[in-house]
Amino acid sequence: MEKCRNRLQEVLYGKESNYLYPFLWLHGADRNTLEDYVEHIYQSGCRAFCVESRPHPDFLGEKWWNDMDILLNKAQSLGMKVWILDDAHFPTGYANGRIRNSPENLKQWQIFHQEMDIAGPVKNGRVSVYLENNRNGGLLQEGEELVAAILVKRVSGESFDSDGVCKDMTEEVEAGWLKLNLPEGKHRLYIITKMLRKQNTFIDYIDMTNPDSVKLLLEETYEKHYQHYKEYFGNVIEGFFSDEPGFYNSDNKRGYSFQYQIGADMHLPWNEYIAEELSEKLFEQGILTDNKEKLMRKLLPALWFPCGKDTKKIRAAYMDTLTDLYRRNFTGQISAWCHSHNVLYVGHVIEDNNCHARLGCGPGHYFRALTGQDMSGIDVVLQQILPQKDYLQYGFCSCGTQDGAFNFYGLGKLGASMAHIDTKTHGRAMCEIFGAYGWTEGISMMKWLADHMLVRGLNVFVPHAFTEKEFPDEDCPPHFYCHGRNPQYPYMRMLFEYMNRTAHLLSGGKPLTDIGVLYHAEAEWLGRTMYFHTVGERLMKSQMDYEVIPLEALKNAEYQEGVIIIGSLRLRCLLIPMADCYPEELKICINNCLKFHICVYQVNGKLPNNSREGEIWSIPENYSGEYLEGCVNIELDELADRLRQQGFCQMTISMNTQQEQLEWLRYYHYLTEDEHHIYMLFHEGKQGVIEGNLELPFMEQLIRYDAFNNALYNLEKSDDGHVNVKLNPGEVWLLISHISDKEMQEMKKSGQVAFQRYMRESGGEWKRFTGGLRIFGADSFHNTDFSVWKEQKEWENFDIEEEYPGFAGILTYEFKIDSGDKKMALLKFQYAKEAVTVWVNGICAGTAVGEPYTFDISELSRTGTNDIRVEVTTTLTFAVRDSFSKYTVLLQEGIQGAIYYQLIC
């Protein structure tokens, strides 16, 4: 039997695996540049990279293969792995333009509606459906094909509801004319047409539900790389990456819409596979008396309009069909190809603004879209997530309203939950991160974003990006190296090694989470629903972690006494967000839970107003949703307190701080394969200290691991067994239990591990530095040598942009502190931007790339006068002035606020 890995020892000895593969954007640079960039990726601490072809001038041409030869040879010489983004540009599906000249049956086809309201009676009337030879004058436009002509009777003039009786008139259309004889009443004629996708950004994209269309992408990108590099597959070439595939059936020119819930006024994907499987599903549900597609067409108007009692079921069946075909024919087919060729398959879809469960730029169902991948995947770009912006807001990435609550409380949990549910991922949850925030995003913001994802269970990262284009590349900054022009590049290694160590600890085991929240996609297909992350927000603000559980996972789960077993999860509680209507399969799952005494709560609260474009749903006024039999009904506002009373809150903290600060404390509990419990605590707020006595489920032989400095700290417990914690904004604690005395002795004997005294306040007096200092600057663009800029007799904030416009580089502050007859314990900077390195009496005291900017100088200080030197590395914000940073407030660079020091008692 293979011995369990001791991941703590591995990170302490520098033997962790690699969990980072940043993008390398290719523009057709020369050999020296390409090799130089691979070297600098390696020097940054990454042992893999993903080549992105989007800006390359000759994808799959001679120049491309020449560049790939160089990159693969260089990567092999350094022992690095290479991933390949699988198309000429994002989103995946363009197939390098292959679809443009392909047969029409491989292109994207869509259906849409036209309608005519008719007041009866009508005798011997005619409707011009189309004119022969595609002449104008009929309802059908050039290029459209008639799918169905359906006649219904409206129940009133106040809504579009019909009586549910749909009369198929399709075969009565002769020579383009539909003859009508109608009785008295309000009638409506629906004309459903089929056409090739209309002109927009994504006109030449494959059909994700058509297996033969998807094969074009396989033949164009995957097969051609295999033909050139067969010998590298499974060793140097680790896999392929799909970037943001989806349906993109929006009518706007950009092709993006985040509000295309089924029922919206939109063109819908359609082909023979969809028609066949939809008719089969409707037959199985008893909506059709036969599974023939001919009978099914009379139900098509229900995809947009209320057409009787089965409308919701018809829409849900369509979405069920579409997303299942996507899973099988796109993700499933590509992953099968990759696995048969000994490489992995990863990627992510667009999740923003809840479109993960919708059409438009979404895939219709997050979990189905990623099934078959070797990792789950999400991305955070375009300033989606910024500290404390967890509310409804304007988002320039969505060109309008953005759901900040989803970004904070849903996005990360989607990716982590997928990895925890699907055992084929081996717990790997990937996040594309850092891209398109603008140069204002420095290394401290990057660390904050990384911690935001790590504490939610993400453990593989695709940093965005290295680019070998001549600096400055205006494409989606920040970039990590920039031919040496980015002053923060030397600190990227510290950040990446921190992320790698933490990800290594949080891999290979399993999360210990008690609570599952039902994924809302199937409920949204049927009507309105509370979002899963609305429930998740209440949990996370109360330090209760949760997993997002799709209905299919519940259906396939193993139920035991008091627990639901799904993948690596053992859930003791299931929360179901309120909805207008639920699938029948859910009610079977609820009965299974009740049979095994598993807690099931239906969370009541206000259902969100539909954000559908062209809203034409019919929902009774004051309808509050369907109440599920057997569930405990609980109000959203009461949820956290009730779960805490029921024992579902693993962590308790008796606070010396205010409640609103505690809402920003995040908690993650993970069990390693060698039975060590890891607790990650992260203060992701912007202000206030979180302090109190902490109690955790397993606190035996507890130590603290500092992943940034790769050091261990002994923890002192109170008499009652609690641990006192004090977290500043942006600070992380990693606590590890069950470290045996034998393990401690082995690590100490190795000579590679030093157990350190945790940097604690000494109890001595805090003093504020008010003396004079000198400020030097070394500009990354002009004068790279340090020169004296400014001398101050007393410390005061220094606005660099005001006095030295456009500066980017390293700021150095030199000053002296007279500590009298005592030594100093700590040196603290109230705020700094960005990376800060401190020297005390000529010896380096360490570097901080994010808050808190507090340094233990107890071993370096002396009585009397101490010489202090502080280097602060800035961003390129004010030097480059990019088009992304303008969407956020730009903060001053350098040291800002007060400087404090504490004396040793």
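Let's start with Ser-242, whose bridge partner in strand β11 is Gly-347. This is a predicted model, where local features need pLDDT of at least 70, side-chain atom pairs count only at pLDDT 80 or more, and totals for chains, interfaces and linings use all residues. Residues are numbered from 1 along each chain as its sequence is written, and side-chain values use heavy atoms, with hydrogens and water left out.

Now, what are β9 and β11? Strand β9 covers residues 237-243 and pairs with β11 in the parallel sense, over 5 bridges.

Walk inwards with me to β3, residues 81-85. Is this strand mostly covered or mostly open? Mostly covered: 4 of its 5 residues are buried. Buried here means under 20% relative accessible area, exposed is over 50%, and partly exposed is in between, using a 1.4 Å probe and protein chains only. On one side, 4 bridges join β3 to β9 in parallel, and Val-82 stands opposite Ile-237 of β9. Another 4 bridges join β3 to β2, residues 48-52, also running parallel; there, Phe-49 has Val-82 as its bridge partner.

How do we get from β2 to β3? Through helix α3, residues 62-78, which makes a right-handed β-α-β unit with the two strands. Right-handed means that, with the strands pointing away from the viewer, the path from the first strand over the helix to the second runs clockwise.

Helix α7 spans residues 311-340 and holds Cys-338. Cys-338 is buried, with a relative accessible area of 0%. Beyond its neighbours within four places in sequence, Cys-338 is in contact (heavy atoms within 4.5 Å) with Tyr-222, Phe-240, Val-343, Leu-344 and Tyr-345.

Two of those names are worth a second look. Tyr-222 and Phe-240 form a tilted aromatic pair, 4.3 Å centre to centre with 35° between the planes. Rings of Phe, Tyr and Trp (its six-membered ring) pair if their centres lie within 6.5 Å; planes under 30 degrees apart are stacked, over 60 edge-to-face, and the rest tilted. Why does this pair tie together separate parts of the chain? Because Tyr-222 lies in helix α4 (residues 211-229) and Phe-240 in strand β9, parts that are 18 residues apart in sequence.

Before I stop, one more sheet: 3 strands, in the order β27-β30-β33, open and antiparallel. Its edge strands are β27 (652-655) and β33 (723-727), each pairing on one side only. Here, Leu-694 stands opposite Val-723 in β33. Thanks, everyone!

Definitions and conventions:
Pairing = 2+ DSSP bridges.
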